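This report describes selected local features of one protein model, beginning with a pocket and moving on to a strand and a helix.

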Amino acid sequence: MNRRTLLKALGLPAVTAAGALGWATAARSRNRYYDGPVTDHFDGVRFFSPGQPQDKGLVELMRWQLGGGRKDWPESFPSPFQDKPPAEVRDLRVTLIGHASFLIQAAGLNILTDPVFSERASPLSFTGPKRVNPPGIAFEDLPKVHAVLITHNHYDHLDVDTVGRLWQRHRPRLIAPLGNDAVIRAAHPDIPVETRDWGGSVDLGGSVTAHVEPAYHWSARGINDRRMALWCAYVLTTPAGVIYHIGDTGFGDGRIFHAVRERFGRPRLAHLPIGAYEPRWFMEPQHMNPEDAVKALRIIEAEQALGHHWGTFRLTNEGVEEPAAELDKALAEAGVPAQRFKALRPGEAWSAAPQPLG
């Protein structure tokens with residue numbers, strides 16, 4: 001995999017004269033995905049996280065790409081787990097499919113987050129970040145999928161090929177933040193997508209509501225559409241409890257976590273990303289490391305946290321097993337019991353203990 005392809009898969013411009021031209025063009029272009037009013041996080045062309053760092057420049061990008069320090073990954077990092085989930089769960093059961101793809105089974109609904117079943121997280125089928133383990137649930141073993149939640153349009157989170165397969169087989173409702181409907185419709189014009197801004201919500205039925213919440217991240221599918229589609233986290237309010245799912249975020253000033261705790265109360269379950277964080281000087285605004293994730297857990301006070309976004313696609317500099325090892329250290333240093341925050345492997349399922357009646 002060459003650097004140019006990796007950068008494109010991550011939504012970053014290649015470090016070339018053409019890339020520099022694309023970066024400059026991006027600053028002048030109009031929004032191809034979304035046309036809406038100016039808000040406190042949309043300037044009329046691009047979305048942004050208020051008060052948080054936005055784009056890195058070409059100098060920083062070159063420093064990362066040319067600076068070395070990338071640890072080797074194995075060609076294969078198989079998981080010991082493979083799940084065949086039940087058709088329906090009345091309380092709460094969650095399985096990590098891989099990276100940020102979860103199957104959430106709650107209150108009779110089956111919900112997928114950022115489903116990626118393709119071999120690569122890339123715009124190209126023959127190069128780009130390649131999975132080192134298969135999906136933890138085979139596509140054919142998925143139960144009836146009622147809803148798909150997309151957090152943003154980076155290739156390791158929005159896989160339009162998988163979205164198309166799911167639509168053909170399950171006809172799920174697709175929920176996404178503003179502008180991502182245009183990305184999906186470009187590949188699949190007939191698929192309806194329900195979009196919301198931060199603070200919006202969608203009733204999924206069965207007393208389950210998906211709330212679209214801020215995250216400290218960004219978006220792009222190429223070199224001239226940076227931050228033209230919104231990114232988000234989700235809070236699911238369900239009869240089985242509150243579930244907080246983050247696809248990607250930096251920790252930033254921590255306000256987004258305080259806001260979730262204040263609005264929704266203590267989550268029963270939180271999906272917190274723990275990987276793709278090195279080098280820290282470059283990744284800190286957009287990706288939490290395990291120490292940040294533990295800080296977030298302590299703010300939201302979730303009963304249980306599950307770590308994801310590690311060990312499937314090599315995107316950054318850290319080794320394949322480092323996030324899980326660093327999570328153990330961060331938990332011990334914070335005095336948080338290890339069983340309260342578990343780094344899941346693909347195919348590994350977590351089930352909630354039944355809640356008491358009354």
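In this predicted model, the second largest pocket has a volume of about 230 Å³. Its lining is made up of 13 residues, of which Ser118, Ser122, Pro123, Asp159 and Asp161 are the closest to the centre of the pocket. By class, the lining residues of this second largest pocket divide into five nonpolar, three polar and five charged.

The next element is strand β12, which spans residues 304-308. Five of its five residues are buried, so β12 is largely enclosed by the rest of the structure. The cover extends to both faces of β12, with Gln304, Leu306 and His308 buried on one side and Ala305 and Gly307 buried on the other.

| Strand paired with β12 | Sense | Bridges | A bridge pair |
|---|---|---|---|
| β11 (residues 269-273) | parallel | five | Leu269 with Gln304 |
| β13 (residues 341-343) | parallel | three | Phe341 with Ala305 |

Between β12 and β13 the chain passes through helix α9, residues 322-334, and the β-α-β crossover formed in this way is right-handed.

Helix α4 covers residues 160-170, and its buried residues are Val160, Thr162, Val163, Gly164, Leu166, Trp167 and His170. How does the spacing of such positions relate to the geometry of a helix? An α-helix has 3.6 residues a turn, so residues three or four places apart point the same way. Which elements cover the buried residues of α4? The cover includes the strands β3 (109-113), β4 (147-149) and β5 (173-177), together with helix α5 (180-187). Following α4 in the chain is Arg171, whose phi is positive, near 50°.

Is Ala187 buried, partly exposed or exposed? With a relative accessible area of 39%, Ala187 is partly exposed, because this value falls between the 20% under which a residue counts as buried and the 50% over which a residue counts as exposed. Ala187 and Gly164 are 23 residues apart along the chain, and their C-alpha atoms are separated by 8.4 Å.

Notes. Residues are numbered from 1 along each chain as its sequence is written. This is a predicted model: local features need pLDDT of at least 70, side-chain atom pairs count only at pLDDT 80 or more; totals for chains, interfaces and linings use all residues. Side-chain values use heavy atoms; hydrogens and water are left out. Buried means under 20% relative accessible area, exposed over 50%, partly exposed in between (1.4 Å probe, protein chains only). Helices (H or I, at least four residues) and strands (E, at least two) are DSSP runs, numbered from the N terminus. Contact means heavy atoms within 4.5 Å. On a 1 Å grid over the protein atoms alone, a cavity is a set of points where a 1.4 Å probe fits but cannot get out, and a pocket is an open set with protein on both sides within 12 Å along at least five of seven lines; lining residues have an atom within 4 Å of a point. Grid points are joined across faces, edges and corners, and a volume is the space filled by probe spheres set on the points. Ala, Val, Leu, Ile, Met, Phe, Trp, Tyr, Cys and Pro count as nonpolar, Asp, Glu, Lys and Arg as charged, and the others, Gly among them, as polar. Two strands pair if DSSP finds at least two bridges between them. A crossover is right-handed if, with the strands pointing away from the viewer, the path from the first strand over the helix to the second runs clockwise.
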